[in-house]
Amino acid sequence: MRNLLKTLVKYWKGFSDELLRLHILTTDFLFFVVCKASLLYGQMHQTDLFVSRFWNNFPCSVALDLAAKDKSVITVLTGSGDYYCSGNDLNNFTNLPEGGPEKMSKDAGELLKRFVSAFIEFPKPLIAVVNGPAVGISVTVLGLFDAVYATGRATFHTPFSHLGQSPEGCSSYTFPRIMGPAKASEVLLFNKKLTAAQAYELGLVTEVFPDNSFQSEIWTKLKAYAKLPPNSLALSKQLIRAVEKEKLHAVNVAEVERLQERWLSDECMQAIVSFFQAKSKL
């Protein structure tokens, strides 16, 4: 358990390379669930209670706070292995705390609100390196990033209505603004899974790279970005974000309130039960 804690703290803090002036965070510990490709995937799911306590004591937004305050010029979020992130862990709905569903809904809502706020307030350029399939909140918050680079085999999926839930990560505002209302509805309402090429065409992704050269090409590009004047980058990013920051915070609050209602609804609970039943038959 002690070794696991050390490993968790290592990934939670992220990796800052002062020589390259990059701060690298992995989706494994920044998002709510471990990526399927993570080496710790099995261990994490065997220690759900411990992981829950870990997140309560060390909020995931703290990782972004640390990245915001160090000497790095840009912050990069990427996945480990073949996946970017598999989204929220639906097992949270089966492991209810004392206080029942109401307590779960309230606590999860507050955690989600702080998490998304950290992206809204992040003062430096924030870049996503999508190295594989992405699901749920790992997709919705991409509208809050300054650049999104993807491998050609990446996919983007937000199956909210399939699970009886509703959008989060400010996507109810950012996706229609980026893609247009009709295309955003396909993604957020009707569960359309986007390929990397489709996400690029819709404006969610900045650039797509061939999978066999993705890692070499993207890190060459990011190292060049990290050599740019840091204050110029940060102040320019803050100027762009200031125009809609108040709106984004209001959207975040509204989305969380709607999700808290959804989590307590019979429709949502039945959809999640159906999900686990279908999964058990695989």
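Student: Does the relative accessibility of Gln 165 make it count as buried or exposed?

Tutor: This is a predicted model, in which local features need pLDDT of at least 70 and side-chain atom pairs count only at pLDDT 80 or more, while totals for chains, interfaces and linings use all residues. Residues are numbered from 1 along each chain as its sequence is written, and side-chain values use heavy atoms, with hydrogens and water left out. Since Gln 165 has 14% relative accessibility, it counts as buried.

Student: Which residue does the side chain of Gln 165 join in a polar contact?

Tutor: Gln 165 lies in the loop between β7 (155-157) and α8, where helices (H or I, at least four residues) and strands (E, at least two) are DSSP runs numbered from the N terminus. A polar contact is a pair of N or O atoms within 3.5 Å; within protein, one must be able to donate a hydrogen and the other to accept it, and residues adjacent in sequence count only if both atoms are side-chain atoms. At 3.0 Å, the side chain of Gln 165 makes such a contact with that of Trp 263.

Student: What is the phi of Cys 170?

Tutor: Cys 170 is found in the loop between β7 and α8, and it counts as buried because its relative accessibility is 0%. Although Cys 170 is not a glycine, its phi is positive, at about 70°.

Student: What arc do the buried residues of α8 cover around the axis?

Tutor: The buried residues in α8 are Ser 171, Thr 174, Phe 175 and Met 179. What covers them includes α7 (137-140), α9, β8, α10 (196-202) and α13 (245-263). The arc is taken from the directions from the helix axis to the C-beta atoms. These residues lie on the same side of α8 because they cover an arc of only 100°.

Student: Within what arc do the buried residues of α9 fall, seen down the axis?

Tutor: In helix α9 (residues 181-188), the buried residues are Ala 184, Val 187 and Leu 188, and their cover includes α8 (171-179) and β8 (194-195). They line one face of the helix because, seen down the axis of α9, they fall within an arc of 85°.

Student: What is the relative accessible area of Asn 191?

Tutor: Asn 191 is placed in the loop between α9 and β8, and its phi is near 65°, a positive value in a residue other than glycine. Asn 191 is partly exposed, because its relative accessible area is 21%.

Student: Which residue does Thr 151 join through a side-chain polar contact?

Tutor: Thr 151 is found in strand β6 (residues 147-151) and, at 0% relative accessibility, counts as buried. Leaving out residues up to four places away in sequence, Thr 151 touches several others, including Val 130, Asn 131, Ala 196 and Phe 214, where contact means heavy atoms within 4.5 Å. The polar contact of 2.6 Å between side chains joins Thr 151 to Asp 211.

Student: Which helix gives the most to the lining of the second largest pocket?

Tutor: On a 1 Å grid over the protein atoms alone, a pocket is an open set of points where a 1.4 Å probe fits, with protein on both sides within 12 Å along at least five of seven lines, and lining residues have an atom within 4 Å of a point. The second largest pocket has a volume of about 340 Å³, a volume being the space filled by probe spheres set on the points, which are joined across faces, edges and corners. Of the 17 residues that line this pocket, the closest to its centre are Pro 125, Phe 145, Asp 146, Lys 237 and Ile 240. With five residues (the helix spans 230-242), the most is given by α12.

Notes: Buried < 20%, exposed > 50% of the residue type's maximum accessible area, 1.4 Å probe, protein only.
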